[in-house]
Amino acid sequence: MAIISANNVNLSYGINSILENISFIVNEGDKIGVVGDNGAGKSTLFKLIVKDLQPDSGNISMPPISVGYLEQNAYIISDKSIYDEVKTVFQDIENLENEIKKLEKLIADTKDEPRLNKLLDEYSKLTDEYNKKEGYSVDSKVRGVLIGLGFSQEEFDKPVSTLSGGQKTRLMLAKALLKNPNLLLLDEPTNHLDIPSIEWLEQYLRFFRGTVMLISHDRFFLDRIATRIFEIENKTLKSYDGNYTQYVKKKNEEISIMMKAYEEQQKEIKRIQEMIMIQKNRRREKSVKMAESKQKLLDKMEKIDKPSMNNETIKLSFDFIEKSGNDVLKVSDLSLSFDKPVFHNISFEVYKGDRIAILGPNGVGKTSLLKTIVGEIVNYEGSISLGTNVAIGYYQQEFSNLNDEKTIIDEIWDENPYLTQTEVRTMLGSFLFSGDDVFKQIGKLSGGEKARVSLLKLILSKANFLLLDEPTNHLDLKSKEVLEKSLLDFGGTLLFVSHDRYFIDKIATKVLEMSCDSIREYYGNYSYYVEKKNENNKEEDEEEKKTKTQLKNEKMRERLKQKEAKKQREYMSRIENEIIETEDAIKDLEEKMCNPDIYKTGEIVNTQSKYNELKEKLEKLYEEWESLSG
């Protein structure tokens, strides 16, 4: 069943055309990744779907369904706590709960039987509706989603008004998920999530029964979620079946086939044109007629357009002036505190040529660690030592190294006065800043534009040790690929923080997993890290299982031991009783043997024999009692 149908949709902003004649169908249950360059119109498409924008022509039709929409920079004003704000999603259930409570009070106070029966019927209907809407599980759902998206229970009571932009976006994502709509539209949902939260969201969306459309630059995420890809390129939309990796493969194959067909036709056109020239130059009637015939053939030929390949992307190449020594960085027993401890006793070493990714949950201090290494944070305990000829270049996540008051050209030129204006403009051109763009003010640039300026400054630093804090955050997919290639070609050393698992997988040769009191090393890329983590978790589970079994066996042995001890005590008691009875019997026989009459009758023989048996028995009973009691 189609839940979105778009037919020949066109949209322009002034004289700038954004989307031209796009048509598509979204079916129930589809999970669609929307990809394209920055500014291609991906977010605009979502705004058209939710009717925030109207097309210039064409239409987008949808049945009456519920929609959950997360904008890229979601904003919210609220005086509620995080928990209470998210719970407003279930306002209808809360209203129902209040009605049920009112009815319970009325029922308790009502004596009139007909009126009471009526109230009980109404109460039954409301409780049935409450159960149908799973009102009893609201609190657990809210808690589960908030924790999954990286909010700790201690933060639940935190006022929404005090949250950062990223936290507010996570809160709005939680509301969109808990709404459980027929259609989820998510614009860059992973931007403010750490890796555990991204993995949680992946699982949630994979088992989500509704339809999902998501815009993302996270290639790992798209591979795990998407079953179709919508590509917006050159103002048009094209659909591909499969995930992101399959889309890239099909796209490349498609371009290759189209280019081959174009080149073959161009060869044929050139051959015919040469033939026409030869025939014309012969100046014979037959030759002229042949040339005219070939020209008509050429005119009627349906020309194949050259495949349009949008190759406009940044050009990166990292280099350094001087090689570092083999020992690049040594961090020993590093501890950092602000109002409360951030991390303590962190130790690790970095060697020339290492490409190291630092992983860990949000708030563990990854960015603070980089800032401490470069000297931006000076109040710490422990030691940080750099090796011989180490020159650090630092890419900051929040772009605080850029001056918002300066123009782009001044930001670069002021720090590199040895360059000519032509050289600066040429470099800026390779980072897609051409013409009057170079005079834009830094403070008015988008995140992607600031990222490009920061990367150019990093290249010009000629550093041999690069510290990168979330370098892919504001880059489109093509720019990410260019950055990856340039870093793989870089002959220096890398230490970086990233939540982009695809980027980590491609770049890292070592992973440092950071917690508040330790760093654990994994020698390999992200896939190796995940594999080893799973192995370690399995071993721990087996160890835990083994320990539980051992405890169970020990308890069983203890019970058996107690049971055996009880039996032993009972057996000893029986022996003691038997000893008393035997001693009494021996005493009776001894008294009997004092009677002279038994000697006359011969009874003494049997009495003596019995006496001897009892004495022997008594001796054995005492031996057994002594062995048990000893």
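Biologist: How many helices and strands are there in the protein chain?

Modeller: There are 19 helices and 18 strands. Keep in mind that this is a predicted model.

Biologist: What does the radius of gyration say about the chain?

Modeller: Compare the value with that of a globule. A compact globule of 630 residues would come out near 25 Å. The protein chain has 41 Å. The box tells a related story: along the principal axes, the C-alpha atoms fill roughly 170 × 90 × 65 Å.

Biologist: What share of the residues is buried?

Modeller: Of the 630 residues, 41% are buried. The accessible surface is about 35400 Å². Carbon and sulfur atoms account for 48% of that surface.

Biologist: And which share of the contacts joins residues at least 24 apart?

Modeller: Start from contacts between residues at least 6 apart in sequence; 68% of these join residues at least 24 apart.

Biologist: Let's take the sheets. How do strands of a sheet pair?

Modeller: They pair through backbone hydrogen bonds, and the sense is either parallel or antiparallel. Here is a case with antiparallel pairing: an open sheet of three strands in the order S2-S1-S4.

Biologist: Why is one side of S2 and of S4 left without a neighbour in that sheet?

Modeller: Strand S2 (16-27) and strand S4 (57-61) stand at the edges, and each has a single partner strand, so one side of each has no neighbour in the sheet. Neighbouring strands here are turned by 15 degrees against each other on average, direction ignored.

Biologist: How many bridges join S1 and S2?

Modeller: Eight bridges, in the antiparallel sense, with S1 spanning residues 2-13.

Biologist: Which strands pair with S12, and in what sense?

Modeller: One partner is S16 (residues 493-497), parallel to S12 over four bridges. Within that pairing, Ala357 has Phe496 as its bridge partner. Another partner is S17 (residues 510-515), also parallel and joined by four bridges.

Biologist: Why is S12 described as largely enclosed?

Modeller: Count its buried residues. Five of the five residues of S12 (residues 355-359) are buried, so the rest of the structure largely encloses this strand. Then check each face. Arg355, Ala357 and Leu359 are buried on one side, and Ile356 and Ile358 are buried on the other.

Biologist: Now single residues. Is Asn243 buried or exposed, and why?

Modeller: Asn243 is buried, because its relative accessible area is 16%, and the cut-off for buried is under 20%. The residue lies in the loop between strand S9 (236-241) and helix H9 (244-282).

Biologist: Which residues does Asn243 contact?

Modeller: Set aside neighbours within four places in sequence. Asn243 is then in contact with Leu222, Asp223, Ala226 and Ile229. As for Phe221, it is 22 residues from Asn243 in sequence and 9.6 Å away in space, C-alpha to C-alpha.

Biologist: Is Glu449 buried or exposed?

Modeller: Glu449 is buried too, with a relative accessible area of 16%. Glu449 sits in helix H14 (residues 447-460). Not counting residues up to four places away in sequence, Glu449 touches Phe433 and Lys440.

Biologist: Last, the records. Where does UniProt place the coiled-coil region?

Modeller: The unreviewed UniProt entry gives residues 86-113, 248-282 and 530-628. Check the annotation against the model. Residues 86-113 are 79% helix and 0% strand, with end C-alpha atoms 41 Å apart. Residues 248-282 are 100% helix and 0% strand, and the end C-alpha atoms lie 51 Å apart.

Biologist: Which residues does UniProt list for "domain: ABC transporter"?

Modeller: The unreviewed entry lists residues 4-259 and 323-541. In the model, the span 4-259 is 44% helix and 23% strand, with its end C-alpha atoms 33 Å apart.

Technical notes: Residues are numbered from 1 along each chain as its sequence is written. This is a predicted model: local features need pLDDT of at least 70, side-chain atom pairs count only at pLDDT 80 or more; totals for chains, interfaces and linings use all residues. Side-chain values use heavy atoms; hydrogens and water are left out. UniProt positions are given in the numbering used here, feature names are shortened, and annotations may be inferred rather than shown by experiment. Helices (H or I, at least four residues) and strands (E, at least two) are DSSP runs, numbered from the N terminus. Two strands pair if DSSP finds at least two bridges between them. Axes are lines fitted to C-alpha atoms, for helices over the stretch in contact, and angles run from 0 to 180 degrees between N-to-C directions. The radius of gyration is taken over C-alpha atoms; the globule rule is 2.2 Å times the number of residues to the power 0.38. Buried means under 20% relative accessible area, exposed over 50%, partly exposed in between (1.4 Å probe, protein chains only). Contact means heavy atoms within 4.5 Å. Accessible areas come from the Shrake-Rupley method with a 1.4 Å probe; for residues, only the protein chains shown count as cover.
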